[in-house]
Amino acid sequence: MARRATGESGSRASGGRVKGARRPELRLPPLTPWAEGELEPDGDYDGLEFRDADLSGQDGAGARFMDCALTACALDGTALGRARVLDSVLTGPRGVGTHLAESTFRDVELIDARLGGTQLHGAVLERVVIRGGKIDYLNLREARLKDVVFESCVLVEPDFAGASLERVEFVDCALKGADFGSATLKDVDLRGAAPLEIVRGLDRLSGAVISTGQLLDLAPVLAVELGIRVE
């Protein structure tokens, strides 16, 4: 089971006014290797290790993963809508078009992912660390993120439109072509994003903190957003 991290990360200590995200501290129990051939809808997976498993195209919608480790698993087109992933570690997942709409991730670490077109719209992420790797076209529309850290990863055209972000940090990561249209932000720390590229939703950044350098980089886009001509 995960131990809840108490206190806040370094955002406040470094002088910023934004509250830092609480991170999970995971200590998995001894795990049993997963020996079954395919996932099942509404399946219950507790204390299992999925290693080098090809889960592509399988249907695990509504399944629950508790105290699990998924390592180097293929998730191309895997159906995991409304799944619950709790107190678990996912290392090196790869795949395109993984369907995780309306799923729940709580006390989870996602490490060195190589994913594209992952569907997480309407999902709930709480106390989640996404570290390393690259995720293209991540769909988090209408999702709820609370105590989430994106660290040392590359996000290409992530879609946060209509999402709620509270105590979310971007640490030493690239944020390219992000959409924050209609999003709601509270205590969101963008100072560690380099580059920070926002194509939509600059007017929704109230509740976020950026650096002076980032403000200068965003100035041309802000001018266009506000209808200001710069000559």
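How many aromatic pairs does the structure hold? The structure holds eight of them, where the rings of Phe, Tyr and Trp (its six-membered ring) pair if their centres lie within 6.5 Å. This is a predicted model, in which local features need pLDDT of at least 70 and side-chain atom pairs count only at pLDDT 80 or more, while totals for chains, interfaces and linings use all residues. Residues are numbered from 1 along each chain as its sequence is written, and side-chain values use heavy atoms, with hydrogens and water left out.

The protein chain contains two helices and 18 strands; these are DSSP runs numbered from the N terminus, with helices (H or I) of at least four residues and strands (E) of at least two. Its radius of gyration is 18 Å, close to the 17 Å that the globule rule gives for 231 residues, so the chain is as compact as a globular protein of that length. That radius is taken over C-alpha atoms, and the rule is 2.2 Å times the number of residues to the power 0.38. Along the principal axes, the C-alpha atoms fill a box of roughly 65 × 35 × 25 Å.

Of the 231 residues, 52% are buried, that is, under 20% relative accessible area with a 1.4 Å probe, protein chains only. Contacts are heavy atoms within 4.5 Å; among those between residues at least 6 apart in sequence, 14% join residues at least 24 apart. The protein chain exposes about 10700 Å², of which carbon and sulfur atoms supply 49%, by the Shrake-Rupley method with a 1.4 Å probe.

The aromatic pairs can now be considered in detail. Among the eight aromatic pairs is that of Phe50 and Phe65, which is edge-to-face (planes over 60 degrees apart), with 5.9 Å centre to centre and 65° between the planes. This pair links distant parts of the chain, since Phe50 belongs to strand E5 (residues 48-51) and Phe65 to strand E6 (residues 64-66), 15 residues apart. Phe50 counts as buried at 0% relative accessibility, and Phe65 counts as buried at 5%.

The rings of Phe150 and Phe170 have centres 5.0 Å apart and planes at 10°, so this pair is stacked, a term for planes under 30 degrees apart. Phe150 lies in strand E12 (residues 144-151) and Phe170 in strand E14 (residues 164-171), so the pair ties together parts that are 20 residues apart in sequence. Both Phe150 and Phe170 are buried. Finally, ring pairs link Trp34, Tyr45, Phe50 and Phe65 into a cluster.

Note on methods
Buried < 20%, exposed > 50% of the residue type's maximum accessible area, 1.4 Å probe, protein only.
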